[in-house]
Amino acid sequence: MKDLQSYKVKLKEPISANILGCKLLVMPPPSGGPPMTLMLNILAQYAIPSGVSGPLGLHREIEALKHVFAVRMNFGDPDFVHVSTVLSDMLSPKFAKELKKQIFDNMTFDPSHLVAGKLLHWYNK
Ligand SMILES: *[C@@H]1O[C@H](CO)[C@@H](O)[C@H](O)[C@H]1NC(C)=O
């Protein structure tokens, strides 16, 4: 009861992204808004809707999600962890381009291919 009585709502500004000409407003960290923005920025690079339809489209969505969830491992509540780098990556169309390059239409990869492995060059630049 004491916890609830001293509970205060934190008001935060939404995060805005422009994807395919649409203005997207998402909840800030620690919500799933920024990972969703990254997902959409990856998929927006394919032909819409044909490139994300059918079995190949599903494959691309699954591969993109694998990358997004790998990136999300570095994400958290900004009241407890530093998220500014991973947040700016998640919102960066350029970063989404790097991730899309890691998605192959003819094959899938094991987890070592995800951020921790192949994208080290991005983090080391
Ligand atoms: C998939 O295509 C890439 C080139 O785009 C090639 O390097 C790779 O060997 C191919 N994988 C398979 C399983 O054919």
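At 55% relative accessibility, L20 counts as exposed (exposed means over 50% relative accessible area, buried under 20% and partly exposed in between, with a 1.4 Å probe and protein chains only). The model here is a predicted one, where local features need pLDDT of at least 70 and side-chain atom pairs count only at pLDDT 80 or more, while totals for chains, interfaces and linings use all residues. Residues are numbered from 1 along each chain as its sequence is written, and side-chain values use heavy atoms, with hydrogens and water left out.

L20 sits in the loop between β1 and β2, and its phi is near 55°, a positive value in a residue other than glycine. Helices (H or I, at least four residues) and strands (E, at least two) are DSSP runs, numbered from the N terminus. A17 has L24 of β2 as its bridge partner. Together β1 and β2 make a hairpin with 2 residues between them.

The peptide bond from P29 to P30 is cis, with omega near 10°. Another cis bond runs from I48 to P49, with omega near 5°, and P49 is found in the loop between α2 and α3.

How many residues of helix α2 (residues 33–43) are buried? The count is 9 of the 11, so α2 is largely enclosed by the rest of the structure. Among those buried are L38, M39, I42 and L43. Their cover includes β1, β2, α3, α4 (84–90) and α5 (93–101), with contact taken as heavy atoms within 4.5 Å.

Helix α3 (residues 54–72) has 19 residues and spans 26 Å from its first C-alpha to its last, close to the expected 27 Å (1.5 Å times one less than the number of residues). Its buried residues include H59, E63, H67 and V71.

On α5, the buried residues are F95, A96, E98 and L99. They cover an arc of only 155° around the axis, which puts them on the same side of α5; the arc is that of the directions from the helix axis to the C-beta atoms. P93, K94, K97 and K101, on the other side of α5, are exposed.

As for rings, the charged end of K100 sits over the ring of Y46, 4.7 Å from its centre (NZ of Lys or CZ of Arg must be within 6 Å of the ring centre and within 35 degrees of the ring normal).

Terms used: Pairing = 2+ DSSP bridges.
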